[in-house]
Amino acid sequence: MLLVFSWREYPGRPSHLVRTGNTVGGHISHALAGTVLIQGAVVHIVIMGCGRVGSTLAHILEDQGHSVAVIDQDRDAFRKLGSTFKGKKITGIGFDQNVLSEAGIEHADAFAAVSSGDNSNVIAARVARESFGVKRVAARIYDPRRAEVYQRLGIPTVATVRWTADQMLRRLLPEGSEPLWRDPTGAVVLADVAYGEDWVGEKTSAVEEAARARVAFLSRLGEVVMPGPGTVLQEGDVLHMIALEGDLERISAALSSRAPGGKASKGGR
Amino acid sequence: MRVAIAGAGAVGTSIAAELLDNGHEVLLIDKNPRAIAVDSVPRAEWLLADACEIASLDEASLERCQVVIAATGDDKANLVVSLLAKTEYGVPRVVARINEPNNEWLFNESWGVDVAVSTPRLLSALVEEAVSVGDLVRLMTFRQSEASLVELTMPDDAPLAGRRIGDIQWPADTALVAILRDGRVIVPAVDDPLETGDELLFVTSEDVEDELAALLADGHG
């Protein structure tokens with residue numbers, strides 16, 4: 001696959017930029033961004049749904065030099081792309097094999113399902129991944145509870161409603177962030193902490209050392225994992241930490257920009 | 001048995017009535033208020049809700065259902081209902097309706113579908129069965145086993161006419177399950193001869209359907 005070759009062509013580049021995998025929730029935008037960060041490698045991306053999100057994605061990707069095909073049931077929707085768009089426009093159902101073939105799904109590196117229908121999006125995303133072997137897929141799902149289920153089933157989702165609600169909360173509430181739990185004094189919080197992909201495969205004890213805070217538990221495939229001495233962080237794990245609220249920002253920074261063992265970031269921000 | 005049916009259209013309600021007559025407990029779910037016609041199947045439980053949403057399925061206590069039937073007119077909804085029923089509620093048997101023949105390939109175990117029923121395919125199979133003589137017609141497929149029920153009406157010049165059933169070398173994994181002759185069902189025995197005009201019903205694996213067709217056409221196994 002193209003991504004592998006590009007890694008070989010750029011041996012100095014960080015491997016995590018091209019690593020594909022089961023990215024979930026908010027991480028998927030990072031995964032797609034990872035693809036475009038590979039300079040010189042032109043990838044083909046199929047987008048289903050030509051609404052605001054679909055057309056915006058199409059333009060960003062095309063501006064970065066990638067090839068893009070957009071699928072929509074409604075021919076009129078393509079007007080949003082404007083006259084500058086050079087990629088393919090295919091009118092049809094996004095999970096129809098012929099329509100997907102016409103969009104070049106066989107050689108696509110990524111597939112984004114961003115139509116207005118949750119059902120269409122999840123079906124198309126699974127078809128792209130399981131029938132056509134597209135490694136990076138993501139489905140936008142409005143219904144937060146279904147998004148959780150799909151994510152647990154290994155279908156990377158972008159849960160717009162939950163994300164928007166969280167973002168609103170963060171701006172509406174004085175604390176600025178919305179932890180899962182806060183102790184009565186308000187000083188200690190239990191919060192989800194995002195981490196860089198380099199941490200996958202590392203022990204939770206190493207995470208604690210770098211963050212100077214405790215790992216409370218991991219959510220893995222819908223189950224809770226209590227960290228023991230040998231617990232290792234796996235891809236897709238949601239990391240929950242107990243920390244002083246004032247420390248959260250520092251902890252997030254430590255886990256996103258720093259590789260295990262305190263080495264400088266391989267990601268090179 | 002407790003059965004939940006998603007989609008209370010003509011298909012859903014007629015299945016519901018049939019199941020109730022057989023003594024089962026039935027819950028009909030539809031998201032369209034106009035589809036909720038309690039009088040049409042008064043003995044069923046009715047729920048106005050979107051069967052694709054977890055909250056609705058929780059309310060329906062789907063985990064208590066032995067069978068879920070996704071019978072809406074929307075194939076996308078049927079796939080999602082099947083997936084959720086199987087993965088989230090562990091429903092032992094999930095039956096899904098296929099509306100659009102192009103979507104048939106999606107209805108398999110990866111979407112939690114145990115049995116797929118294709119309305120257009122059934123219709124065309126029945127029509128084909130009614131008009132064709134001498135050709136093998138697939139009436140239905142048993143999803144889980146990749147076996148199918150096929151039918152052939154023996155034409156006047158059928159090479160196997162007059163042959164004793166026990167002498168015929170059927171392909172592997174093929175069973176002659178019934179002979180329909182003059183409106184009667186005959187359970188085939190080794191000494192029965194085949195006659196022209198017989199309707200033969202076989203259960204066979206999809207791999208050997210061609211072999212069976214060839215045998216019936218030229219009489220040599």
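**Close-up 1. Where chain B meets chain A.** In this predicted model, the contact draws 13 residues from chain B and 11 residues from chain A. Looking at the side of chain B that touches chain A, the elements giving two or more residues are α2 (54-59) and α3 (75-89) of chain B. The top contributor to that side is α3(B), with seven residues. Sort the residues on this side of chain B by class and you get seven nonpolar, three polar and three charged ones.

**Close-up 2. The sheet of chain A.** Here's an open sheet with six strands, and they pair in parallel. Walk across the sheet and you'll pass β3-β2-β1-β4-β5-β6 of chain A, in that order. At the edges sit β3 (88-91) and β6 (157-159) of chain A, each pairing on one side only. Going from one strand to the next, the twist averages 15°.

**Close-up 3. Zooming in on β1 and β4 of chain A.** These two strands, β1 (residues 44-48) and β4 (residues 110-113) of chain A, run parallel and are joined by four bridges.

Close-up 4. Start with helix α3 (residues 52-63) of chain A, which lies across β1, β2 (67-72), β4 and β5 (136-141) of chain A. This helix runs at about 165° to β2(A). Then there's helix α5 (residues 118-131) of chain A, which packs on the sheet and touches β1, β4 and β5 of chain A. The direction of α5(A) makes about 170° with that of β5(A).

Notes. Residues numbered from 1 in each chain as written. Chains lettered and ligands numbered in written order. Predicted model: local features only at pLDDT ≥ 70, side-chain atom pairs only at ≥ 80, totals over all residues. Contact = placed C-beta atoms within 7 Å. Nonpolar A, V, L, I, M, F, W, Y, C, P; charged D, E, K, R; others polar. Pairing = 2+ DSSP bridges. Axes fitted to C-alpha atoms, helices over the stretch in contact; angles between N-to-C directions.
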